[in-house]
Amino acid sequence: QILTDVMFINRGRIVLNSPMESFETRFVELTPKPENLAAARALKPLRERQAPLGGNVLLFDNVERERLANLGETRTPSIADVFVAMMSEQGARA
């Protein structure tokens, strides 16, 4: 790996400063089973988007991966996906 740390800055404020090891455990993307979508939304994802082939993809911050795995398929999100979610969240607060 070349990248050791990730930092996002929005309007002069640091909104994320994380070592890559923490990033990979902190953020989880979930594609829930249709019957588990409401339960997944109740865990307050950072962002929700439509998957290209249908269904929903939810991005979580600091929610246990094991808890999410019971609701569907989990994976580590890309840095770009987390960036979009965090900037969108910050924009909504501003």
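This is a predicted model: local features need pLDDT of at least 70, side-chain atom pairs count only at pLDDT 80 or more; totals for chains, interfaces and linings use all residues.

Biologist: Why is L30 called buried?

Modeller: The relative accessible area of L30 is 0%. Buried means under 20%, so L30 counts as buried.

Biologist: Which residues does L30 touch, leaving out those up to four places away in sequence?

Modeller: L30 touches A40, N56, V57, L58, F60, L68, L71, G72, E73 and T74. A contact here requires heavy atoms within 4.5 Å.

Biologist: What makes N36 buried?

Modeller: N36 has 16% relative accessibility. The cut-off is under 20%, so N36 is also classed as buried. N36 sits in the loop between β3 (27–32) and α2 (37–42). Leaving out residues up to four places away in sequence, N36 touches N70 and L71.

Biologist: What is the order of the strands in the open sheet, and how do they pair?

Modeller: The order is β4-β5-β3-β6, 4 strands in an open sheet with antiparallel pairing. From one strand to the next, the twist averages 25°.

Biologist: What makes β4 and β6 edge strands?

Modeller: β4 (47–50) and β6 (72–75) each pair on one side only.

Biologist: How do you know that β4 and β5 count as paired?

Modeller: Pairing takes at least two bridges between two strands. β4 and β5 (residues 56–61) are joined by 4 bridges, so the two strands count as a pair. They run antiparallel, and R47 stands opposite L59 in β5.

Biologist: What lies between the strands in the hairpin of β4 and β5?

Modeller: There are 5 residues between the strands of that hairpin, where G54 takes a positive phi near 100°.

Biologist: Which residues make the nonpolar surface patch?

Modeller: M7, I9 and I14 make a nonpolar surface patch of about 300 Å². For such a patch, each residue needs over 30% relative accessible area, and nonpolar side chains are joined within 5 Å. I9 belongs to strand β1 (residues 5–10).

Biologist: How far apart are I9 and L30 in sequence and in space?

Modeller: I9 and L30 are 21 residues apart in sequence, and their C-alpha atoms are 25 Å apart in space.

Conventions
Residues are numbered from 1 along each chain as its sequence is written. Side-chain values use heavy atoms; hydrogens and water are left out. Patches are made of residues with over 30% relative accessible area and no salt bridge: like charges are joined within 9 Å, nonpolar side chains (Val, Leu, Ile, Met, Phe, Trp, Tyr) within 5 Å. Accessible areas come from the Shrake-Rupley method with a 1.4 Å probe; for residues, only the protein chains shown count as cover. A salt bridge is a side-chain nitrogen of Lys or Arg within 4 Å of a carboxyl oxygen of Asp or Glu. Axes are lines fitted to C-alpha atoms, for helices over the stretch in contact, and angles run from 0 to 180 degrees between N-to-C directions. Buried means under 20% relative accessible area, exposed over 50%, partly exposed in between (1.4 Å probe, protein chains only).
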